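Have a look at the picture, try each task yourself, and then follow the solution step by step.

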Amino acid sequence: MKVRTILELPDCRVLASGCPEREITRIFCCDLLSIAMSKAPAGGVWVTVMGNRNTLAVASLTDTACIILAEGVTLDEGTAAKAEEEGIAVLTTGLPVFDMALKIHEAWEP
Amino acid sequence: MSGGLTFRYTIDGDDFTRAGEASSSVKNKLKMLGLSADVTRRVAIAMYEGEINMVIHADGGVITVAVSDSEITMVLADTGPGIPDVEKAMREGYSTAREEVRSLGFGAGMGLPNMKRYTDEMQIDTVVGKGTTITMKVRL
């Protein structure tokens, strides 16, 4: 599955489109940046409620392809622009973390 | 690749919005030097953990990254409070981070263990009241 598929998911709003043709490797859910730092897979789609500049830094350093902010969490404009610059897709959704991850999973293996 | 490249960064204390910039810069430079994705990721993660620690605990410091033909050496030096019990600090889950830091998603007590996990060598020189210098090496 490519980032493009995630960008087109219903229930999500795109804040930065990143690299739409990039291949997704895994789905990852975690809200503790310290743990995400050691466990976020390269090329992963990361679902979290942590929406601050450090989330982006962790995503960038771990080569995460896409961040989905759950529970209506969003990013300020500066951080969204920075995400675009770094080639990381960022979306926001009103769904809880599990429900969102499940939707990605279903889109992956319908 | 010729040896002897060195990068030096001054880290601001308590500036969380900028924490990670030095690590990002190093990651991009290593990528441009053509180093493998694995080495680049390990250096970036270890350095970021150290950078965050400097911001949380030591009011900043200086990071030097040297790239040779055989290894990457990161030296993180600060004049912070020092680490009273290194053995305890190396234990996963042990943290002395403030509540505001935890609310940002840090302070889970994973920093030093992660730094050790992602590097081939790590040495901690610390004196309470004087500061800490951490040297990490990743072999190419």
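**Exercise 1.** Find out why the radius of gyration of chain A agrees with that of a compact globule.

*Solution.* Remember that this is a predicted model. Start with the chain length, which is 110 residues for chain A. Next, apply the globule rule, 2.2 Å times the number of residues to the power 0.38. For 110 residues, a compact globule would have a radius of gyration near 13 Å. Chain A has 12 Å, so the two agree. As a further step, look at the spans of the C-alpha trace of chain A along its principal axes: about 35 × 25 × 25 Å.

**Exercise 2.** Describe burial and contacts in chain A.

*Solution.* To count as buried, a residue needs 20 or more other C-beta atoms within 10 Å of its own. In chain A, 44% of the 110 residues count as buried. Now turn to contacts with a separation of 6 or more: in chain A, 46% of them join residues 24 or more positions apart.

**Exercise 3.** List the elements of chain A in order.

*Solution.* Count them to begin with: chain A has 5 helices and 5 strands. Then walk from the N terminus, and you will read α-β-β-α-β-α-β-α-β-α.

**Exercise 4.** Work out what each chain brings to the contact.

*Solution.* Chain B gives 22 residues and chain A gives 17 residues. On the side of chain B that touches chain A, two or more residues come from each of helix 1 (21-32), helix 2 (37-57) and helix 5 (111-118) of chain B. Helix 2 of chain B has the largest share, 6 residues. Finally, sort this side of chain B by class: 10 residues are nonpolar, 8 polar and 4 charged.

How values were computed: Residues are numbered from 1 along each chain as its sequence is written. Chains are lettered from A and ligands numbered from 1 in the order in which they are written. This is a predicted model: local features need pLDDT of at least 70, side-chain atom pairs count only at pLDDT 80 or more; totals for chains, interfaces and linings use all residues. Two residues are in contact if their C-beta atoms, placed from the backbone, lie within 7 Å. Helices (H or I, at least four residues) and strands (E, at least two) are DSSP runs, numbered from the N terminus. Ala, Val, Leu, Ile, Met, Phe, Trp, Tyr, Cys and Pro count as nonpolar, Asp, Glu, Lys and Arg as charged, and the others, Gly among them, as polar. A residue is buried if 20 or more other C-beta atoms lie within 10 Å of its own, exposed if 12 or fewer, and partly exposed in between; C-beta atoms are placed from the backbone.
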